[in-house]
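Have the 3D view open as you read.

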Amino acid sequence: MSPETAMLLAMALPLVGAAGIQLAGPWPNLREAVTLLTATATFLLVVQVLPSVAAGARPEATLFQMLPGLSIAFRVEPLGMIFALIASFLWIVTSVYSIGYMRGHHEENQTRFYTFFAVAIASALGIAFAGNMLTLFLFYEVLTVSTFPLVTHHGTEEARRSGRTYLGILLGTSICFQLFAIIWTWTLTGTLDFTDGGILEGRASALVIGVLFALYVYGIGKAALMPFHRWLPAAMVAPTPVSALLHAVAVVKAGVFTVLKVTVYVFGIDLLRTVGGSEWLQYMAAATIVIASLVAMGKDNLKARLAYSTISQLSYIVLGATLVTSWSVVGAGMHIAMHAFGKITLFFCAGAILVASHKTEISDMRGLGRAMPFTMAAFLIGSLSLIGLPPMGGLWSKWYLALGALEADKMFFVGVLMLSSLLNVAYLLPIPLRGFFAAPPEPEPAADGQDEGDHGHAPAPADGIREAPLACLIAIAITVTGSVVLFFYPDPLFDLMRQVVSPH
Amino acid sequence: MTSPHLPVLMVVLPLMSAPFCAVMRRGLPAWSLALVVTWTSFALALAVLTQVLDHGTIIYSIGDWAAPWGIEYRIDRIGAFMAVIVSGIGALSLAYSRRSIAHEIGVRRRPLFYTMFLLSLAGLLGISVTGDAFNLFVFLEISSLSSYVLISLASDRRALTAAYRYLIMGTIGATFYIIGVGLMYMMTGTLNLADLAARVPEVAGTRTILVALGFLTVGISLKLALFPLHTWLPNAYAFAPSVVTVFLASTATKVAIYVLLRILFTVFGKADVIHAQEIGDVLMVLALLAMFVASLVAIFQDNVKRLLAFSSLAQVGYMILGVSMATATGISAGIIHLFNHAIMKGALFMAVGCVFMRTGSVRVEAFAGLGRAMPVTMAAFVVGGLSLIGVPATVGFISKWTLIQAALETGAWPLAVLILLSSLLAIVYVWKVVEVAYFQPLPSYRGDVREAPLSMVLPMWFLAGCSIYFGIDAATTLGIARDAAAALLGNGP
């Protein structure tokens, strides 16, 4: 199969899968089989594209003209390849996890859930493979709209409020700033194609370039740069698999991916560095890194803490993009992968804890390591990866980001990265440590009985092992392994990113 | 089909069939006749459009009387495009009308409805194709008078006052228009639009012509419901029978905008009044006011039909904003939005009509739980709503893109910012309805609510489908709009 065909099929297949899921709705086992099959096939298709991209080819396809002179077009370059690989691979893992979680948690409307999930993945792949800014923007908005039913899955008043914040901020920033910037770019240059070295060189004054860059960075609300970050904690009202894949991987990574893509292929690293239009944004990113970490520390709800941690980590990537040195961009690209594996593990664990013990608050999780040793161990490993300690993949991306800051001759940001690591230690590690070493709170007498009545779990002895459903554990095992593997074999990732910063 | 008589047939057919509908005693035969006629008109309009695109402007003299004496039809790109919009919406809403009318209008009045519908269609089509200022007035009155009747046919008695108000305002508008035409005739001695265009520059500076321009602009602005001359519109749309709202919202104001384009650019184009007399600035300010004031008012409406009516006023603002820039891109933004807004608003009002049929109400509360009870209808509503917001892959995005591009090309970036800000207001009023439909449970007393009949769902989804299709593949429609704009500015094919 030619890489072009594989690329187009990879985007079309999840949509076909979504239709299949709808049709198979009445038969849950068949429906889940369709999801798993589609996810696996999609990943295999994406893998088909990899060899040619790694070899330096850029598979292209133009579908049709949307506006005169502007087509819906796709072109796979290394950065998009990385994003597509991560999104499609983790879709399989998340599907396995979802089956355990959604059934274990007795969620309703599961057919709708799996359908929109597939649509969201299709749009994420569309973003990854987009060949021009218009195509990217199209899928960016489809992703926003298709994840709305997932965020508001429970249909409660809280879900509705969060849904408003979610849609309001993401649509608002993208329409007000991003679309504005895109049309402005189009009137300046007459093209929106992603081009090596950018398209704005010599087309605009330094001031205009600075303003445009800010419009893009803030217009990409999915990157959650403060003060447009509120949607991310709001989205935590969704079922955990949604938080895991979409709000730790697909949606937020679509955001930072777009920032990187715009930096490299619309502005061009050299142009941005010479005009210096991105300097003040480095400080905004640094501020987001530190402030979000501090906020995370104060959150007792586990998912809320992870959400703020995500905001902080996303700004690593924004910082890498705005530093505009080769190393910082390499680090930013690698951090997309590293953070994806680390954070999805943590969210999986949060969901597993919820399903098995119905706990959402960190203060209730003392001593939980005895009942859920596997989950808590996985949480520890995921945390280590986010902190950036060996033998976890997170080390490499932080390493290159720091190198990038040094290359730009800005020690300040090396300091920020180090500080952030310390803050990560402070807000992540206590959770598994207390889980293992603190004494569990006195069991409430009614707890087990009530549990049985509500959810039909077999009563277990207070100090016995009570882990999450097997499907959840398998998924967690895979992502943990992924984090470790990325430490020992970061080379493919690194080589792809090298192509981005020094083409040919 | 390349008969030279196509343009006139398209208008005469509905005009002549209308009396036949009037003498029929029952709804079904009248509906059948009207259905055949409207779809034939639509086919003719499409044939005329292809002919115009291939061979350029068609000139047709009625009864073979040459132009200054007889009436001339002159159909260029924009005229043919308007005819396609009007007859297309007419054909779809007629298909939609049978079940909807059966629910909303008494048996004895149904033939009257189809009569008036055909007359209104004939009038609007006539305006699109005629090349004569007085003939245009006649068609304007045919379409307006019949639409007053159409509105008053609703069973809601408030429709009578709404129709009466529209009658008064509409008549003032028409009178202003005819006074303007009279003054023009006095100064130039012709009523033919092409001749007027040739003779206006000689007398352009005179006070009489300026007064005529004032009368014409105000008169037409009343008809197209430009803020603050819009007061007739919200109630007329809110209380009219559902299908009448669909038809009028998608065609009547659009045709009035077309007339404004004709006057400003065809007749006064060489005199360049839009710059020389600051008409452009006046229109721009009013358009911006419409975009913001009407959108804000829409947010606070409890009646969904009224909400959409105010949204229409805001959308008229977008169209006029494009026109007021008087550049090729600006005018094409206005023209493309005529088409785009017609299809999305058509779909939205059809969805509201379906809801009215099943729940008996168009208040926001009536939408509670319909996301589950009427999934197909509500999905169409969501598509139309996303299009109003201007989400990519919908026609609304294409309009917004072109309009912002036009603003940036002229260096007016504050305008671009204002356009984007106002579209945020659309998110609020669209989502207000969507939230109720999907997050509130169906009240128990509405337990028997089910999906609308197929004959209503199909036209609705045809329009909703169009608003996605032409949002993804807009090269054709935007191409027509650009050529039409270039032709209006006098430098096109």
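## Starting from one residue

Let's begin with Ile404(B): leaving aside residues up to four places away in sequence, Ile404(B) touches Ile183(A), Ala416(B) and Ile419(B). Keep in mind that this is a predicted model.

Where does Ile404(B) sit? You'll find Ile404(B) in helix α17 of chain B. Is Ile404(B) buried or exposed? Ile404(B) counts as buried, because 27 C-beta neighbours lie inside 10 Å and the cut-off for being buried is 20 or more. Now try hopping from Ile404(B) to Val364(B): the two are 40 residues apart in sequence, and their C-alpha atoms are 32 Å apart in space.

## Where the two chains meet

Now zoom out to the place where the chains touch. How many residues does the contact take from each chain? Chain B gives 26 residues, and chain A gives 24 residues. On the chain B side, three helices each supply at least two residues: α17 (395–409), α18 (413–439) and α20 (475–488). The top contributor there is α18(B), with 9 residues.

What kinds of residues make up the side of chain B that touches chain A? Sorted by class, that side has 19 nonpolar, 4 polar and 3 charged residues.

## Getting to know chain A

Chain A has 21 helices and 2 strands. If you run along the principal axes, the C-alpha trace of chain A spans about 75 × 55 × 40 Å. A compact globule with 504 residues would have a radius of gyration near 23 Å, so the 22 Å of chain A agrees with that picture.

How much of chain A is buried? Buried residues make up 60% of its 504 residues. Look at the contacts in chain A between residues at least 6 apart in sequence, and 80% of them join residues at least 24 apart.

## Getting to know chain B

Over in chain B, you can count 20 helices and 2 strands. Taken along the principal axes, the C-alpha atoms of chain B fill a box of roughly 70 × 55 × 40 Å. For 493 residues, a compact globule would have a radius of gyration near 23 Å; chain B has 21 Å, so chain B agrees too.

As for burial, 62% of the 493 residues of chain B count as buried. Among the contacts in chain B with a separation of 6 or more, 79% are between residues 24 or more positions apart.

Technical notes:
Residues are numbered from 1 along each chain as its sequence is written. Chains are lettered from A and ligands numbered from 1 in the order in which they are written. This is a predicted model: local features need pLDDT of at least 70, side-chain atom pairs count only at pLDDT 80 or more; totals for chains, interfaces and linings use all residues. Helices (H or I, at least four residues) and strands (E, at least two) are DSSP runs, numbered from the N terminus. The radius of gyration is taken over C-alpha atoms; the globule rule is 2.2 Å times the number of residues to the power 0.38. A residue is buried if 20 or more other C-beta atoms lie within 10 Å of its own, exposed if 12 or fewer, and partly exposed in between; C-beta atoms are placed from the backbone. Two residues are in contact if their C-beta atoms, placed from the backbone, lie within 7 Å. Ala, Val, Leu, Ile, Met, Phe, Trp, Tyr, Cys and Pro count as nonpolar, Asp, Glu, Lys and Arg as charged, and the others, Gly among them, as polar.
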